[in-house]
Amino acid sequence: QILQNAAQCLLAQGKAAEARALCQRSQEICQRLFGDRHGTLALGGLALARCFRAEGDLRNAIASYAKSLDIFSEKTSEESLAE
């Protein structure tokens, strides 16, 4: 979460490449800790997609948004809130 927060600050400052690097690192950590279908990974994927979008990399932005949607769509609202 700290890496994602720092990434959001960098993104707000227009430092998309630096923000993306932090988001990617956060995603690697979350995947190792929680697996590849956890809500935390989906939230991080949304942050990563915003970084890609800010860099003009729409292909990776869409892929990241889609992966996050896929994770969220298989969970109930209670599961999402619990994670």
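This is a predicted model: local features need pLDDT of at least 70, side-chain atom pairs count only at pLDDT 80 or more; totals for chains, interfaces and linings use all residues.

Visitor: OK. How many helices and strands does the chain have?

Guide: Five helices and zero strands. Along the sequence, the pattern reads α-α-α-α-α.

Visitor: And what does the C-alpha trace span along its principal axes?

Guide: About 35 × 25 × 20 Å. The radius of gyration is 12 Å, which agrees with the value near 12 Å that a compact globule of 83 residues would have.

Visitor: What percentage of the residues count as buried?

Guide: 33% of the 83 residues. As for contacts between residues at least 6 apart in sequence, 51% of them join residues at least 24 apart.

Visitor: Let's go inside. Which residues make up the largest nonpolar core?

Guide: There are eleven: A7, L10, L11, A16, A19, C23, A47, L48, C51, F52 and A61. The elements giving two or more residues to this core are α1 (2–12), α2 (16–34) and α3 (39–54).

Visitor: Which one gives the largest share?

Guide: That's α3, with four residues. In general, nonpolar side chains tend to be buried together in soluble globular proteins.

Visitor: Pick L11 out of that list. What does L11 touch?

Guide: Leaving out residues up to four places away in sequence, L11 touches A16, A19, R50, C51 and A54. Of those, A16, A19 and C51 are also listed in the core.

Visitor: Switching to α4. How far does α4 reach from its first C-alpha to its last?

Guide: It covers residues 58–73, so to speak 16 residues, and reaches 22 Å, close to the 22 Å expected at 1.5 Å a residue.

Visitor: Which residues of α4 are buried?

Guide: A61, S64, S68 and I71. They sit on the same side of α4, because they cover an arc of only 95 degrees around the axis.

Visitor: Why would residues three or four places apart point the same way?

Guide: An α-helix has 3.6 residues a turn, so residues with that spacing point the same way.

Visitor: And which residues are exposed on the other side of α4?

Guide: L58, R59, I62, L69 and S73 are exposed there.

Visitor: Back to the buried ones: what covers them?

Guide: The cover over the buried residues of α4 includes α3. One of those buried residues, A61, also belongs to the largest nonpolar core.

Note on methods. Residues are numbered from 1 along each chain as its sequence is written. Side-chain values use heavy atoms; hydrogens and water are left out. A nonpolar core is a set of buried Ala, Val, Leu, Ile, Met, Phe, Trp, Tyr and Cys residues joined through side-chain atoms within 4.5 Å. Buried means under 20% relative accessible area, exposed over 50%, partly exposed in between (1.4 Å probe, protein chains only). Contact means heavy atoms within 4.5 Å. The expected span of a helix is 1.5 Å times one less than its number of residues. The arc is that of the directions from the helix axis to the C-beta atoms. The radius of gyration is taken over C-alpha atoms; the globule rule is 2.2 Å times the number of residues to the power 0.38.
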